[in-house]
Amino acid sequence: MKFFKPQKGKAFSNLPKKTLDTFDNTLYAVSTKYDGNQVFITKTDGLIEFWTSDWKQFYMPRVAFKIYGLLVGSTDCTIIAEMNYGINSGKLGDRVTVQGKITTERVNFNKGLPCSLDEELVVLNIFDFILDGTDYNYNERMVQAKQYNLPLVETMLMTGSNAMIHARKLAKEGYEGAMCIEPNSFYQKGKRVNYSIKLKHRPTADIKCIGVEDGEGKYTNMIGSLLLQDGMGRVVRVGSGLSDTDRQQPDSNFIGKVIEIEYEQILGTYIQPTFIQVREDKNESD
């Protein structure tokens with residue numbers, strides 16, 4: 001089990017064009033992206049073990065006892081979780097605290113010393129569950145995990161465009177953002193996949209709309225994208241994030257107004273921009 005190779009997701013900014021083109025309308029199981037440390041909990045021949053993301057071992061006896069009790073009757077398996085510590089944990093900045101505590105427990109484990117954590121303050125947000133020798137899609141894996149009453153992250157089924165809105169809400173609440181996983185996707189050990197997507201907090205900008213471009217295909221006779229220009233003369237086209245309702249509005253609802261977007265970075269212009277809202281409370285002079 002030590003040689004389990006985890007599947008890795010991608011940041012939204014690293015998705016290929018094919019995935020980006022369908023993202024807005026694809027349905028995902030969306031959960032909170034906590035700012036903690038990924039840990040792996042394995043059950044092998046009845047033995048519960050804890051591993052860091054780079055497969056260094058530590059141990060939490062009370063947590064192990066609880067998990068062992070929940071997994072009675074299961075085959076060998078791997079639990080994948082985000083570990084946080086303390087009341088109201090999991091928000092930005094918590095990762096450093098957790099990493100320090102895990103490092104201490106790794107040292108203690110290697111020296112044969114007992115766990116020094118207050119294990120009642122350990123929070124495990126379980127987001128995947130792999131039963132050895134089985135091949136279940138994500139939705140089926142969560143059904144399996146619920147049968148053992150494991151503390152799973154809460155997921156909501158929503159489109160990619162709505163997940164973007166939800167991720168911004170979570171970021172404002174202090175979390176890292178959101179995770180999106182296609183419900184019918186299968187776990188691919190050791191692979192970096194396009195159907196497990198990290199939506200992290202991204203910078204925003206308020207930019208004037210100087211025009212609109214007509215849509216094509218399903219967006220024929222609708223707005224395809226907004227043409228924006230900032231105070232430094234940088235021009236960017238923004239279509240991602242516009243809902244069908246937005247696209248059916250008259251051009252005058254956007255042209256001449258200040259538009260709030262989020263983006264990944266600026267390299268000559270705004271990279272991977274996403275529409276957030278029309279800033280009715282602002283004008284060009286602001």
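Y59 is partly exposed, with a relative accessible area of 34%; buried here means under 20%, exposed over 50%, and partly exposed in between, with a 1.4 Å probe and protein chains only. The model is predicted, so local features need pLDDT of at least 70 and side-chain atom pairs count only at pLDDT 80 or more, whereas totals for chains, interfaces and linings use all residues. Residues are numbered from 1 along each chain as its sequence is written, and side-chain values use heavy atoms, with hydrogens and water left out.

A search of the whole structure gives 10 aromatic pairs. Rings of Phe, Tyr and Trp (its six-membered ring) pair if their centres lie within 6.5 Å; planes under 30 degrees apart count as stacked, over 60 as edge-to-face and the rest as tilted. The ring centres of F40 and W55 are 4.9 Å apart and the planes lie at 25°, so this pair is stacked. F40 belongs to strand 3 and W55 to the loop between strand 4 and strand 5 (57-58), 15 residues apart. Helices (H or I, at least four residues) and strands (E, at least two) are DSSP runs, numbered from the N terminus. F40 is buried at 0% relative accessibility, and W55 is buried at 15%. In the pair of F50 and Y59, the centres are 5.8 Å apart and the planes at 75°, so the pair is edge-to-face. F50 is buried, with a relative accessible area of 0%.

Strand 3 (residues 37-44) also holds T42, which is buried at 1% relative accessible area. The side chain of T42 makes a polar contact with that of W51 at 3.1 Å. A polar contact is a pair of N or O atoms within 3.5 Å; within protein, one must be able to donate a hydrogen and the other to accept it, and residues adjacent in sequence count only if both atoms are side-chain atoms.

In helix 2 (residues 61-70), the buried residues are V63, A64 and I67. These residues cover an arc of only 100° around the axis, which puts them on the same side of helix 2; the arc is that of the directions from the helix axis to the C-beta atoms. R62, F65 and K66 are exposed on the other side of helix 2. The cover over the buried residues of helix 2 includes strand 3, strand 4 (47-52), strand 6 (77-85) and strand 7 (122-131), with contact meaning heavy atoms within 4.5 Å.
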